[in-house]
Amino acid sequence: MRDDLGADVPLARPAARVVSLVPSLTEALAAAAPERLVGATDWCTHPADLDVARVRGTKNPDLAAVRALSPDLVVANQEENRELDVRRLREAGVAVWVTRIETVEEALGSMARLFSTALDLPDPPWLESARSLWTTPAAPRLRVAVPIWRDPWMVVGSPTYTDDLLARAGLVNVLAHGPAGREGRYPTVTTADVDAAGADLVLLPDEPYVFTPDDGTEAFATPTRLVSGRLLTWYGPAMVEAHALLAGLAG
């Protein structure tokens, strides 16, 4: 049994006790097999009524608290979690499954493998819906830019899950592709760079930086719209809601 990075995951039977160090995977597991989820990070905010032990943050998990939950499996992500924490858990004898997700296709495939291989579960309904919604990319119809931080200003680049999600919805990420494109997953830019990139719309998510009606909209000459960061960055049940959001943006 191997995870997305090809590492061995020593499971003798389907995992019955799972700790999640990734908010989107927490939501996915809670929707598919809530009885198996025994621990999650403080940042795991969905579902709202999630009632499991908390093990601190994604970048600083309390490894002793994780081990105390006696998990059969810990799920992590290459981008969200530190390799050091994964290594220490494995050295302590804890099985860890690390996901690597930079595209919509990888998200769908990774979660299907996690459920079938590590949990011995069929695809949950939300995964079947997400696969149906996202299999066929839409034609380009809108140019966008997506800041994720300010002071300094940083934007979504490529290769990232968000960039691929936008592209499949028919939204061209102008700061990752075309004449105005920047190199890197999350390049640093100026507000003038964003306005000069030719976007029809600047999408301002509420995470990881919490853009609000009073914070960000004043910075650009380009029209802006506040959106859910969860729907742009979380893979899992959020993918179904994300399709409705992005399809509804005017072309």
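1. The largest nonpolar core of this predicted model holds 55 residues. Those touching the most other members are Leu 73, Met 111, Trp 134, Tyr 235, Met 239 and Leu 246. Helix H4 supplies the largest share of this core, namely eight residues.

2. Leaving aside residues up to four places away in sequence, Leu 73 touches Val 9, Leu 11, Ala 15, Arg 17, Val 18, Val 19, Ala 95, Val 96, Trp 97, Leu 114 and Ala 118. Two of these contacts, Leu 114 and Ala 118, are among the buried residues of H4.

3. H4 has 15 residues, and the distance from its first C-alpha to its last is 21 Å, close to the 21 Å expected at 1.5 Å a residue. Asp 120, which follows H4, has a positive phi, near 55°.

4. Which residues of H4 are buried? They are Val 104, Ala 107, Leu 108, Ser 110, Met 111, Ala 112, Leu 114, Phe 115 and Ala 118. The partners against which these buried residues pack are helices H1 (23-32), H5, H6 (161-168) and H9 (238-247), together with strands S4 (73-77) and S5 (96-99).

5. The aromatic pairs number six. In one of them, the ring centres of Phe 115 and Trp 126 are 6.0 Å apart and the planes stand at 70°; the pair is therefore edge-to-face, since an angle over 60 degrees is classed in that way. Because Phe 115 belongs to helix H4 (residues 104-118) and Trp 126 to helix H5 (residues 125-134), the pair ties together parts 11 residues apart in sequence. Phe 115 is buried, at a relative accessible area of 1%, and Trp 126 also counts as buried, at 10% relative accessibility.

6. Trp 149 and Tyr 209 make a further edge-to-face pair, because their planes are at 80°, with the ring centres 5.4 Å apart. This pair links distant parts of the chain, 60 residues apart: Trp 149 is in strand S7 (residues 147-149), while Tyr 209 is in the loop between strand S11 (201-205) and strand S12 (224-227). Is Trp 149 buried or partly exposed? With a relative accessibility of 35%, Trp 149 counts as partly exposed.

7. Trp 149 and Tyr 209 also belong to one aromatic cluster, together with Trp 153, Phe 211 and Phe 220.

How values were computed:
Residues numbered from 1 in each chain as written. Predicted model: local features only at pLDDT ≥ 70, side-chain atom pairs only at ≥ 80, totals over all residues. Heavy atoms only, no water. Phe/Tyr/Trp six-rings, centres within 6.5 Å; stacked < 30°, edge-to-face > 60°. Helix = DSSP H or I, 4+ residues; strand = E, 2+ residues; numbered from the N terminus. Buried < 20%, exposed > 50% of the residue type's maximum accessible area, 1.4 Å probe, protein only. Expected span 1.5 Å × (residues − 1). Contact = heavy atoms within 4.5 Å. Core = buried A, V, L, I, M, F, W, Y, C linked by side-chain atoms within 4.5 Å.
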